[in-house]
Amino acid sequence: MILSGTSGGPNHHYDKVMSSGDSNPAATPTPGVDTQGDGRWMSLHNHFVSNSKGKEPDVLFVGDSLVQLLHQFEVWRDLFSPLHALNFGVGGDATQHVLWRLSNGELAHISPKVVVLWVGTNNHGHTAEQICGGIMAIVQLIKDKLPKAYTLVLGVLPRGKMPNPLRERNAQVNKLVQEAVSSLPHTSLLNVDPGFVHSDGSISHQDLYDYLHLTPQGYQAVCQPLHAHLKSLLEKQAEN
């Protein structure tokens, strides 16, 4: 299911989400917490900033561990490397962390044609409305810094073996983000869940090995349609 944003009139829900701004912790740029004391989060951020110099990616992936781990699988080399893709994923990141990273140099040296944003499931303690506000703050930042880029937001996946409040929250986030992007040009939400939830409400560890992170099989199911969609977006941009 492809949910496209189109240009249109004012979107009051989007305005309301954005106006929550500084009072929304999910939309307040925040560096990652160095909980383990080895400085990895900031080191990764600095690596992305320096690594992007001299690169000319057509596609930038940014987000949490689902983006970061994608880089380690064959599917990245098979599908996304040929699209000249860069991967700026950091495990554990929530929306406020991605917002900080993109505000502090990760977009300074590159001009990708498409930015793929996949984040939100790690926003612990935040409401669906706050998470949507965080995602939309990132979308707005990308538009400000990369006005010619297309922003593709990937839907947050279901999580947990059986139905649970976080799964319900993630589904609500996707609904709110779809409403918020519906009037924005060059922006859309792509639901990349191929149907991980079975008819009895369960998720298989063969798709999400810990009921949160994808197996190679799970990545294949997500990435084949995503790859086709990215190719279509890049071809349309080449025509314009």
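Helices (H or I, at least four residues) and strands (E, at least two) are taken here as DSSP runs, numbered from the N terminus.

**Entry 1. Overall fold**

I opened a predicted model and began with its secondary structure. I found eight helices and six strands in the protein. Read from the N terminus, I noted the order of elements as β-α-α-β-α-α-β-α-β-α-β-α-β-α. I then looked up the radius of gyration: it is 17 Å, close to the 18 Å that the globule rule gives for 240 residues, so the protein is as compact as a globular protein of that length. Along the principal axes, I recorded a box of roughly 45 × 45 × 40 Å for the C-alpha atoms.

**Entry 2. Burial, contacts and surface**

I looked up burial next, and 55% of the 240 residues count as buried. For contacts between residues at least 6 apart in sequence, I noted that 80% join residues at least 24 apart.

**Entry 3. Helix α5**

I turned to helix α5, which spans residues 95-103 and is mostly covered, with eight of its nine residues buried. I listed the buried residues of α5 as Thr95, Gln96, His97, Val98, Leu99, Trp100, Arg101 and Leu102.

**Entry 4. The largest pocket**

I then searched for open space. I noted about 310 Å³ in the largest pocket. The lining of this pocket comprises 15 residues, and I marked Val33, Thr35, Arg40, Trp41 and Gly91 as those nearest its centre. Which element gives the most to this lining? I found that α2 does, with three residues. By class, I counted four nonpolar, seven polar and four charged residues in the pocket lining.

**Entry 5. The largest cavity**

How many cavities of 30 Å³ or more does the structure hold? I found one. The largest cavity contains about 30 Å³ of space. I listed its lining residues as Leu66, Thr121, Val156, Leu157, Pro158, Arg159 and Leu212. I noted that this lining divides into five nonpolar residues, one polar residue and one charged residue.

Conventions. Residues are numbered from 1 along each chain as its sequence is written. This is a predicted model: local features need pLDDT of at least 70, side-chain atom pairs count only at pLDDT 80 or more; totals for chains, interfaces and linings use all residues. Side-chain values use heavy atoms; hydrogens and water are left out. On a 1 Å grid over the protein atoms alone, a cavity is a set of points where a 1.4 Å probe fits but cannot get out, and a pocket is an open set with protein on both sides within 12 Å along at least five of seven lines; lining residues have an atom within 4 Å of a point. Grid points are joined across faces, edges and corners, and a volume is the space filled by probe spheres set on the points. Ala, Val, Leu, Ile, Met, Phe, Trp, Tyr, Cys and Pro count as nonpolar, Asp, Glu, Lys and Arg as charged, and the others, Gly among them, as polar. The radius of gyration is taken over C-alpha atoms; the globule rule is 2.2 Å times the number of residues to the power 0.38. Buried means under 20% relative accessible area, exposed over 50%, partly exposed in between (1.4 Å probe, protein chains only). Contact means heavy atoms within 4.5 Å.
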